[in-house]
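Work through the two exercises below with the structure open. Each task is followed by a solution in steps.

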Amino acid sequence: MGQAVESDLVERLLDGEHRALARVITKIESQSPGYRDIVSEIHAHTGHASVVGITGSPGAGKSTLVDKLAKYYRDQGETVGVIAVDPSSPYTGGAVLGDRIRMASNVGDMDVFFRSMSARGQLGGLSTATADAVKALDAFGKDRIIIETVGAGQNEVDVVKTADTVVVLVQPGSGDDVQMLKAGILEIGDVFVVNKADMEGASRTVAELQEMIHLRDDPRANLDVGHHGADAFDDAGAHGGHGHGGNDHSHEVDEEPEPEPVWTPQVVETIATTGEGIDTLVETLADHYTYLSESGELEEKARQRAAEEIRQLLRSDVNRLLERELDHRGGIDDFATAVVDKETDPYAVTETVIEPLRECLEDRDD
Amino acid sequence: MSADSEQRTIRCLIAKVGLDGHDRGAHVISRAFRDAGFEVIYSGLHRAPDEIIQATVQEDVDVLGISILSGAHNTLVPKVMAGLEEYGALDDTLVIVGGIIPEEDRPELLDEGVDAIFGPGTPMQETIDFVKENAPERK
């Protein structure tokens with residue numbers, strides 16, 4: 001019976017029923033029985049939407065920007081799906097998902113399907129859930145999908161990496177230039193948006209971002225302190241050129257005869273509250289998408305995503321098997337107590353629990 | 001447990017409908033629900049019934065809590081209920097109303113399909129318990 005309910009739900013989703021889409025996403029995020037069958041079924045109907053991920057620190061104006069972007073696409077006759085990810089409490093699992101408030105431009109417009117999600121304490125599972133929810137929106141027929149998340153940690157970075165294009169929102173004056181050097185979300189941006197561009201310090205932030213991007217373009221340029229041979233040209237090119245990505249060393253007899261098309265991250269200024277700069281942002285997003293398709297990176301990304309999804313699912317399934325094994329052996333509490341009492345140690349416990357699994361896999365002939 | 005071990009999390013929309021400009025109560029209940037482990041979506045002030053319907057349908061919430069102080073409940077709440085019906089969302093959404101609702105208006109709201117009304121001074125735990133006991137199963 002369960003199977004029939006799931007198929008019916010998928011059919012209604014494909015038919016464009018909003019309630020069915022909403023319910024499918026609920027099943028995905030609560031991992032309720034049968035959700036895997038649903039995702040399997042809709043998989044074949046995906047691949048039409050372009051997916052943009054938007055991240056940045058709290059208060060940078062992500063939701064307002066997303067609202068205006070959605071409005072822009074709607075005005076062009078396209079349909080939009082938005083997934084907004086907010087953190088949940090590590091103590092109670094509770095969450096206040098507040099991004100919906102800012103969707104004022106799309107009031108009552110069902111063709112902007114806005115859905116709030118929280119992490120629900122799933123280790124690494126959030127990116128799987130988000131990716132599956134994106135599939136649901138894609139299969140439903142949304143032209144544009146936007147994933148919005150606070151750029152706070154690895155979880156959020158993983159989520160936003162499931163998008164084709166990653167937009168990082170930066171607030172003017174959000175720290176000194178050391179912040180720009182730090183590893184993290186600034187490394188993953190394809191497009192940087194300096195929002196609230198009317199604020200003091202905006203132009204400095206733009207300049208700092210641009211400097212960071214040019215340093216990042218060709219990491220080797222900074223390592224080559226001594227000039228030797230043809231590399232000297234490279235250095236000169238990388239320093240003087242803007243927008244060329246510093247990767248065109250065609251004079252070198254390298255493996256690649258054709259210079260690959262290169263994407264240099266762009267910096268766009270916006271004032272999301274008034275909508276200023278949104279058209280430039282839309283253009284830049286379109287440029288990036290064109291680059292992705294023409295360079296073949298779109299396909300490559302899809303492959304990488306699929307690989308990551310498979311890995312993630314395998315990890316979570318193995319985790320479950322191991323949790324069950326732990327329960328079977330009396331639960332983790334006893335092991336933990338034994339470790340604290342110095343009767344054993346974490347490595348020894350792990351070895352005992354995982355040994356049967358290892359043996360089982362290693363003993364296979366094929 | 002099967003491979004799909006469900007993580008039951010109650011989702012609520014706390015909605016302010018209409019023109020009243022006070023949402024301290026809505027904030028307090030949002031926070032109490034959050035601390036009870038619920039996922040709470042807060043609508044913000046001055047929402048039209050259409051917005052509440054859109055949010056309830058899209059977010060697939062188990063519970064819709066309408067907070068209303070302005071006295072316009074007799075016109076606004078039925079609009080929301082009719083919209084939920086239209087999208088097939090009325091049957092599996094628990095609808096609760098909080099705020100200033102005169103005793104004589106209550107039967108009509110309950111007739112419209114509101115599941116419970118919590119007036120001023122209701123202990124928070126009572127509301128939380130009601131939600132926990134009555135949140136509909138998602139099928």
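**Exercise 1.** How many salt bridges does the rule find across the interface of chain B and chain A? Describe the rest of that interface as well.

*Solution.*
Step 1. This is a predicted model. Across the interface of chain B and chain A, the rule finds 7 salt bridges.
Step 2. For a salt bridge, a side-chain nitrogen of Lys or Arg must lie within 4 Å of a carboxyl oxygen of Asp or Glu. The side chains of B:E59 and A:R115 form a salt bridge, at 3.8 Å from N to O.
Step 3. Between chain B and chain A, 20 residue pairs are in polar contact, both residues being at pLDDT 80 or more.
Step 4. On the side of chain B that touches chain A, α1 (24-35), β2 (39-42) and α2 (49-59) of chain B each supply at least two residues. The largest share, 7 residues, comes from α2(B). By class, this side of chain B has 10 nonpolar, 12 polar and 13 charged residues.
Step 5. The contact takes 35 residues from chain B and 37 residues from chain A. The area buried between the two chains is about 3200 Å², and carbon and sulfur atoms give 45% of this area.

**Exercise 2.** At what angle do helix α4 and helix α11 of chain A pack, and which residues make the contact?

*Solution.*
Step 1. Helix α4 (residues 62-75) and helix α11 (residues 278-295) of chain A pack at about 75°, with their axes 10 Å apart.
Step 2. Angles of 65 to 115 degrees count as roughly perpendicular, so α4(A) and α11(A) are roughly perpendicular to each other.
Step 3. From α4(A), the contact is made by A:L65, A:K68, A:L69, A:Y72 and A:Y73. From α11(A), A:I278, A:D279, A:L281, A:V282 and A:L285 take part.
Step 4. By class, this contact of α4(A) with α11(A) has 8 nonpolar, no polar and 2 charged residues.

Notes: Residues numbered from 1 in each chain as written. Chains lettered and ligands numbered in written order. Predicted model: local features only at pLDDT ≥ 70, side-chain atom pairs only at ≥ 80, totals over all residues. Heavy atoms only, no water. Axes fitted to C-alpha atoms, helices over the stretch in contact; angles between N-to-C directions. Helix = DSSP H or I, 4+ residues; strand = E, 2+ residues; numbered from the N terminus. Parallel < 35°, antiparallel > 145°, perpendicular 65-115°, else oblique. Contact = heavy atoms within 4.5 Å. Nonpolar A, V, L, I, M, F, W, Y, C, P; charged D, E, K, R; others polar. Buried area = accessible area lost by both parts, 1.4 Å probe. Polar contact = N/O pair within 3.5 Å; in protein donor to acceptor, adjacent residues only side chain to side chain.
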